[in-house]
Amino acid sequence: MKILLVHNDYGAYSGEEKAVDMMALMLENMGLSALQLRTSTSGVRNTVSGRIRVFLNSIYSFSGRRLMRKSLKIINPSVVIINNLYPFISPWSLLECHKAGIPVVMRVHNYRLLCPNGLFYSNGNICECCLTQGYEWPCIIRNCTGELLKSVIYALRNALARYRKLYINNVNKYVCLTDFQKYKLIEGGISEERIEVIANHVCDFPKGNVRIGNYVGVCGRLSEEKGIDLILQAAVLCPDIHFKIAGETYNFYFSNVPANVEFCGFLKGDSLEEFFLEARFMVSGSRCYEGQPMSVIEAALHSKISIIPLHGSFLEILSSSDIQRIAGYRSGDLYSLVNRIRYLWNNPEKCIKLGNSVRNVAEKEYSLSGVSKKWKRVLDEVVNIDHNYCQNT
């Protein structure tokens, strides 16, 4: 079986890019042929002409349709697996898959099918206005991206895709990362029988000895919706605890950085592994729902528990462990977060015990073999169904 993986890379390497790369390896490991159609937004928005190009392609991409048509003709895949299509491939390219009679599976990494900015987050708070009201104009009214023109573009492209039913009529299966995502899609009008839940897998299970650790670790994109400012406020209230933050840094966070906070920059490979191993525990300050918080799972693989906000998909991650009871805090609540940090910092042996527990859960729930079996079942199913049938409501 030949699989065509389709993805428009973001401006900087993100969790979605990593997930696509890992899936390509997984498919090859399953004995399938995985070929890719990739475009990239990297550096494009740095020029006026580039921003115009992004705008035009977001609304309708002639080049995206040509790329898809050419790829389908050359590769003749059994299944197309789509990830992010904006801006240079665009959902209009799905019409080419439909014409060619090739089934489409969509991996739902975020909430973009229901929310123009993909986060259910606006102006510092969770926001589901576009979902509950059934249209995208709240994104413009609330200026959800923080840039009015960008909010207009995002709302318009989502509205066009919804009005023309580009996803609903041309996608055979939606694969969500969590049940939380699944129920949001159902709330948005997609029938339950067309949705599967398959988490992203992890390839490597570190073998390093469990260490108590001498700092609180934070790993991920450093942005408002990820709650980096909340973590910095927590560090101010815990001056005796050392915090280390791994991720791409932005200058506006350096004006009032507490003395007990160290920015380590973007880490990967051995440096990232060492970062996890030397932390006593990890913290997520995320204010948005997220798809599948991989930093929590990666920490668990290093036998490290993570303090998490009790909302969205976080409620499902490692749910069979004690992580929610002991390390969960009220989302956005600074004092609830500080309370959890101090409790775990002062109980290092408890951190080790919980770390071993969450590792066992992670190995079971996110193993390559388990995820591969689920994907094989889905791929076999879509290859054998009538591609011309898609939900019309």
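## A buried glutamate and its surroundings

Glu-96 counts as buried, at 7% relative accessibility; here buried means under 20% relative accessible area, exposed over 50%, and partly exposed in between, with a 1.4 Å probe and protein chains only. This is a predicted model, in which local features need pLDDT of at least 70 and side-chain atom pairs count only at pLDDT 80 or more, while totals for chains, interfaces and linings use all residues. Residues are numbered from 1 along each chain as its sequence is written, and side-chain values use heavy atoms, leaving out hydrogens and water.

### Salt bridges

The side chain of Glu-96 meets that of Arg-69 in a salt bridge, at 3.2 Å from N to O. The term stands for a side-chain nitrogen of Lys or Arg within 4 Å of a carboxyl oxygen of Asp or Glu. This pair links distant parts of the chain, with Glu-96 in helix H4 (residues 94-100) and Arg-69 in helix H3 (residues 62-75), 27 residues apart. Helices (H or I, at least four residues) and strands (E, at least two) are DSSP runs numbered from the N terminus. Arg-69 is partly exposed, at 42% relative accessibility.

Searching the whole structure gives 21 salt bridges. Here are some of them:

| Salt bridge | N to O distance |
|---|---|
| Arg-38 and Asp-21 | 3.2 Å |
| Glu-96 and Arg-69 | 3.2 Å |
| Lys-376 and Asp-380 | 2.9 Å |

Arg-38 belongs to strand E2 (residues 33-40) and Asp-21 to helix H1 (residues 15-29), 17 residues apart. Arg-38 is partly exposed at 28%, and Asp-21 is partly exposed with a relative accessible area of 28%. Lys-376 and Asp-380 sit four residues apart in helix H15 (residues 368-383), so about one helical turn separates them.

### Sheet and core

Now for the sheet. Six strands make an open sheet with parallel pairing, in the order E11-E10-E9-E12-E13-E14; two strands pair if DSSP finds at least two bridges between them. Strands E11 (261-265) and E14 (328-329) stand at the edges with a single partner strand each, so one side of each has no neighbour in the sheet. E13 (residues 306-309) runs parallel to E14 and is joined to it by two bridges, and Ile-308 stands opposite Gly-328 in E14.

Helix H13 (residues 334-345) lies across strands E9 (216-219), E10 (243-246), E12 (281-283), E13 and E14, at about 175° to E12. Axes are lines fitted to C-alpha atoms, for helices over the stretch in contact, and angles run from 0 to 180 degrees between N-to-C directions.

The largest nonpolar core has 46 residues, and Phe-243, Ile-307 and Leu-344 are among those with the most contacts inside it. Such a core is a set of buried Ala, Val, Leu, Ile, Met, Phe, Trp, Tyr and Cys residues joined through side-chain atoms within 4.5 Å. A second, separate core of 35 residues includes Val-6, Ile-75, Leu-94 and Val-108. Leaving aside residues up to four places away in sequence, Ile-307 touches residues including Phe-281, Tyr-329 and Ile-341, where contact means heavy atoms within 4.5 Å.

### Backbone details

A cis peptide bond joins Tyr-86 and Pro-87, with omega at about -5°, and Pro-87 lies in the loop between strand E3 (79-82) and H4. Asn-76 is a residue other than glycine with a positive phi, near 50°; Asn-76 is exposed, at 51% relative accessibility. Ser-303 likewise has a positive phi, near 60°, but Ser-303 is buried with a relative accessible area of 5%.
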